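Here's a friendly walk through one protein model. Have a look at the chain first, and then we'll go through it piece by piece.

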Amino acid sequence: MINLDRRELFASLGGLAAVALMSHDARADALEHYMEDKLHAQADGDDEGGGSAGEFPSAAQVKDQITTRHYRRGVGGLFISTDPAGKMKMLPDMPAKPTLVDFFETRFGQFSNHCLQSANKARERGQPDEIVLACLLHDTVQSLMRVDHGYYGAQMYEPYVPEITSWAIRYHQPLRFFADEAAGYSYPDLYRRMYGYDYVPAPHVQAAHEMTKKHKWYYAAREVTVSDLYAFDPNAKVSLDSFRDLIAKHFKQPAEGLGYDNSPSAHMWRSLMFPDSPL
Ligand SMILES: [Fe+2]
Ligand SMILES: [Fe+2]
């Protein structure tokens, strides 16, 4: 059972005054996201009963949680409700020629704001457009698939973005598991919670880390991890509007619309477009 803490909820939305300015729909959405976050935290053993702050499960304990869930953690966020009593919502139809912005607005769900915050941070850190774009897109594919999301994301975006951008999206995934203090990246507590304090990355993840360390674009993937957010930031609400120019300049929008251009990843866009299709 999730306890609704009104003070915490209001604080997460920027205070009472900010809540008063929100539309009814926006408040309903915010409440849903808050509950979703709490549910994810609970599912990850981070809520009441999951131990106090600073205590993390072991990898073996994380494994034992598998049979307590009614879903698998690697599945795309658009396709499940982590609330055992949850029901799906109707999704808005997409336009005949969908754009990246349409996907941000109707399909990327909770990953949209996370990525906007991350891109905003990269921009504030003075990163070039290609890296800011990588941050803007880095976790959006988690709507479709969470497991191996760096690789799925890179594949989905490869036909449409600069090569360094998709490279950074792909390799931010293995690099998250390895600290690089000089670059400003410490191993996040979030992963101790999600994977267990004694988790050891798989050999292929370690190999990817070794490879990227020697690569000329290491800094690009590393920057995605540095500009990532590993805790919920209640004060950061970033609008997609400030990235429209960046998208127009660097994202090759197909004339037929995403999903209809026969690119190698068109089917991935269609799966996001029609997630209720049974086959
Ligand atoms: Fe990620
Ligand atoms: Fe992220």
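Where is the place of N262? N262 sits in the loop between α13 (244-250) and α14 (266-273).

## Getting your bearings

Before going further, know that this is a predicted model, where local features need a pLDDT of at least 70, side-chain atom pairs count only at pLDDT 80 or more, and totals for chains, interfaces and linings use all residues. Residues are numbered from 1 along each chain as its sequence is written, while chains are lettered from A and ligands numbered from 1 in the order in which they are written.

The protein has 14 helices and 0 strands. (Helices are DSSP runs of H or I with at least four residues, strands are runs of E with at least two, and both are numbered from the N terminus.) Of its 279 residues, 30% count as buried. Here "buried" means that 20 or more other C-beta atoms lie within 10 Å of a residue's own, "exposed" means 12 or fewer, and "partly exposed" is in between, with C-beta atoms placed from the backbone. Take the contacts with a separation of 6 or more: residues 24 or more positions apart account for 72% of them. A contact is a pair of residues whose C-beta atoms, placed from the backbone, lie within 7 Å.

The average pLDDT is 86, and 79% of the residues score at least 70. (pLDDT is the predictor's confidence in each residue, from 0 to 100.) Over residues 38-53, though, the pLDDT is below 50, and this stretch has 20 contacts in the model beyond near neighbours in sequence. Where pLDDT is low, the predicted coordinates should not be read in detail.

## Helix α9 and its partners

Let's start with α8 (residues 149-157) and α9 (residues 163-175), which pack at an angle of about 170 degrees with their axes 7 Å apart. That makes α8 roughly antiparallel to α9. Axes are lines fitted to C-alpha atoms, for helices over the stretch in contact, and angles run from 0 to 180 degrees between N-to-C directions. As for the wording, under 35 degrees counts as roughly parallel, over 145 as roughly antiparallel, 65 to 115 as roughly perpendicular and the rest as oblique. On the α8 side, H149, G150, Y151, G153, A154 and Y157 meet S166, I169, R170, Y171, H172 and Q173 of α9. These contact residues divide into 5 nonpolar, 6 polar and 1 charged. (Ala, Val, Leu, Ile, Met, Phe, Trp, Tyr, Cys and Pro count as nonpolar, Asp, Glu, Lys and Arg as charged, and the others, Gly among them, as polar.)

Next, α7 (129-137) packs against α9 at about 45 degrees, with the axes 8 Å apart. The two are therefore oblique to each other, and their crossing is right-handed. The contact is made by E130, I131, L133, A134 and L137 of α7 and I164, T165, A168 and I169 of α9. It divides into 7 nonpolar, 1 polar and 1 charged. Then there's α11 (203-213), where the angle with α9 is about 120 degrees and the axes are 8 Å apart. That makes α9 oblique to α11. Y171, P174 and L175 of α9 meet V205, A208, H209 and T212 of α11, a contact of 5 nonpolar, 2 polar and no charged residues.

## Two covered helices

Helix α8 is largely enclosed by the rest of the structure, because 7 of its 9 residues are buried. They are H149, G150, Y152, G153, A154, M156 and Y157. Their cover includes α7, α9 and α14.

Helix α12 (residues 218-226) is mostly covered too, with 7 of its 9 residues buried. The buried ones are A220, A221, R222, E223, V224, T225 and V226, and what covers them includes α6 (110-124), α7, α9 and α11.

## Some loop residues

Back to N262: its phi is positive, about 60 degrees, although it is not a glycine. N262 counts as exposed because it has 10 C-beta neighbours inside 10 Å. D148, in the loop between α7 and α8, also has a positive phi, near 55 degrees, and is a residue other than glycine. With 13 C-beta neighbours inside 10 Å, D148 counts as partly exposed.

Finally, A202 lies in the loop between α10 (189-195) and α11. A202 has 11 C-beta neighbours inside 10 Å, so it counts as exposed. A202 and P174 are 28 residues apart in sequence and 9.7 Å apart in space, C-alpha to C-alpha.

Key
Left-handed = near helix turned anticlockwise from the far one by under 90°.
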